[in-house]
Amino acid sequence: MVVLLIVVPLGLAFAIPLFGFISKRVTGFVPVIGMLFNLVYSLLLLPFVLQKPEMVSIGGFPPPFSINLVAGPLGVGLSALIALVGLAVSIYALGYIREGAQEKYHVLYLLLLTGATGAVLTGDIFNLFVFYEILCISSYALVAYLGDRSGIEAAVKYLIQGSVGSGLILIGIAILYGLFGTLNMAQIAQNINSVSSLSVFVPLVLLVTGFGVEAAVFPLNAWLPDAHSSAPSSISAILSGIAIKVGIYAVARVIFTIFGASNTFHFLLLLGLITLLVGEMSAFKQSNIKRMLAYSSVGQVGLIVYAFGIGTSAGIAGGLFQIVSHALAKSVLFLAVGYMIYRTGSMAISSMNGIGKRMPFVSFACVIAAFSLVGLPPFAGFPSKFLIVRAALAQGDVLFTVLIGIVLVGTVIEGAYFFRVVQALYFRDSDKDARLEKAPASAAVPILALLILIVAFGIYPDFLMPLLNSAASELLDKAGYIKGVLG
Amino acid sequence: MNLLYDSTYYIASIGLIAIGLYIMLVKKNLIKVIIGLCIFETGINLLLIVMGYISHGTAPVFSQTGLSAGKMVDPTPQALVLTSIVIGVAVLALALSLAVRLHEHYGTLNLRKIRDLKW
């Protein structure tokens, strides 16, 4: 019953206004329940889908004639990640979201996560578009949730660029439907070689560009720093942790499964590299902490795209590990920084001077997450970067060796700006009195849980490896995917 | 000439898409940009309809004897367009409400003047 992963949060989302009649306080707990259910259920499903991917066809018709869900290791693994980050952020939001239309916030928040979960599980390209739109529209609205000057401006930018992207996706889907007369991803993949490569090239470009807007690959990422820095911190965490990853997943699904376009891998490599360098260099010169984190997300996306561009099983597994480690570390950073901003009222890095003494736990969390993003052992960022570097070197090509060298330069820049934050936190004295402030439980619990996972995956990466390896082979094994769906 | 005649609908819908994109790229007023978005989406919806259109086709229902499947329009794109229109309405409503709020904050809808956030 994979459908439950989508139906339960969707149903709960629309039930929230009903809970609101009972008490406004209750509404915040509904997303917690929904995400807890999704997390537990995805983890229970994982052992089964590792054996054999589970197929669900809606309405009882066999796959090419109905909308189908494909719960492979990749889909269920990502839905577990979405539920995990979603759960942590929804607990954080219990204390963080106290003003404005709380009910509507929670409705939109659950819808965003429903869209993300649906997008990674579906096996129908139009269905992917619909879930992607649910994700996008709710995130446009959530960016503007605070209703302040910068939030509205960022939301308008995000909305215009996002809708053009969605429009391009729809044109791509229309052309694919015109060519193949089907919307089922497996069936399109099966027939993709039966038409001339030029007529397949147009929908490929349209789909990659369209999904690339949400994935924030280089020329399409103008909305990201504005939207991520102007949104409420809980939403920044979910946008950086989850929403971008869904875009990357969709790009990967389109390139690897539907089109099987192995000749685009070098393009992906280059795109990833440029995105990485642009993101890291822009992050370096920011003085606003949330903007810096947003640009750092752009850089990390570049690294993930680069890893996918290596095109081997090891490279993709490294990219997926990077998705996990970035989702965990960046949400911790946004949640911790969000708490500091909430207390100090300023987003400037200079205003964080000496906070290490005032808010020891939150600062500590910030430092661990920053170390993990830079890729220091023993945190989750280390094995992910190590896997990517090893996969690139295993190619034995001069091109890959040179490019991975440039990637490591990007990592050094990343280290430089994160250590600037660490320096401000611990080694600069603040002009205010250093009164000790204890973080409330709603902030401390999710941050602590994610920190434990960062350290656990860093010390014992083998725990994740079977899942990531089979997810990577699911992406690469096109024939297996087609056979699994169409029988 | 015949080729041109056959592809009239395609040319028209892609033309609408291009006009919409042009408006969004060039116009400074947010409302006009949103109108451009609307035209863009309409063009895409028409493109989808054209994909399944047969001239003088009927609805895909075997209501009378003598109807053959070859003369029926493909219903799937129409179902897609229905979904796409609903999505378009949601995006449009959100865009217009954001435009109202933007005007409250800045007192203008000129996108060249609204630039608090920069790279």
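User: In this predicted model, which residues in helix 4 of chain A meet which residues in helix 11 of chain A?

Analyst: The model is a predicted one, and contact here rests on heavy atoms within 4.5 Å. On the side of helix 4 of chain A, the residues that meet helix 11 of chain A are Leu74(A), Leu78(A), Leu81(A), Ile82(A), Val85(A), Gly86(A), Val89(A), Tyr92(A) and Tyr96(A). By class, this contact has 12 nonpolar, 3 polar and 1 charged residues. On the side of helix 11 of chain A, the residues are Ser233(A), Ser234(A), Ala237(A), Ile238(A), Ile242(A), Tyr249(A) and Arg253(A).

User: Are helix 4 of chain A and helix 11 of chain A roughly parallel or roughly antiparallel to each other?

Analyst: The axes of helix 4 (residues 73-96) of chain A and helix 11 (residues 233-258) of chain A come within 9 Å and cross at roughly 165°, and helix 4 of chain A passes helix 11 of chain A in a left-handed crossing. Because angles over 145 degrees count as roughly antiparallel, helix 4 of chain A and helix 11 of chain A are roughly antiparallel.

User: Is Asp226(A), which forms a salt bridge with Lys157(A), buried or exposed?

Analyst: The closest N and O atoms of Asp226(A) and Lys157(A) are 2.7 Å apart, and the pair joins helix 10 (residues 223-230) of chain A to helix 7 (residues 149-180) of chain A across 69 residues. Lys157(A) has a relative accessible area of 25% and is therefore partly exposed. Asp226(A) has a relative accessible area of 3%, which, with buried meaning under 20%, makes Asp226(A) buried.

User: Which residues are linked with Asp226(A) in a network of salt bridges?

Analyst: Besides its salt bridge with Lys157(A), Asp226(A) meets Arg291(A) in a salt bridge of 3.1 Å, N to O. Arg291(A) lies in helix 13 (residues 289-310) of chain A, 65 residues apart from Asp226(A), and both of these residues are buried. The network that includes Asp226(A) also links Glu153(A), Lys157(A) and Arg291(A).

Terms used: Residues numbered from 1 in each chain as written. Chains lettered and ligands numbered in written order. Predicted model: local features only at pLDDT ≥ 70, side-chain atom pairs only at ≥ 80, totals over all residues. Heavy atoms only, no water. Axes fitted to C-alpha atoms, helices over the stretch in contact; angles between N-to-C directions. Helix = DSSP H or I, 4+ residues; strand = E, 2+ residues; numbered from the N terminus. Parallel < 35°, antiparallel > 145°, perpendicular 65-115°, else oblique. Left-handed = near helix turned anticlockwise from the far one by under 90°. Nonpolar A, V, L, I, M, F, W, Y, C, P; charged D, E, K, R; others polar. Salt bridge = Lys/Arg side-chain N within 4 Å of Asp/Glu carboxyl O. Buried < 20%, exposed > 50% of the residue type's maximum accessible area, 1.4 Å probe, protein only.
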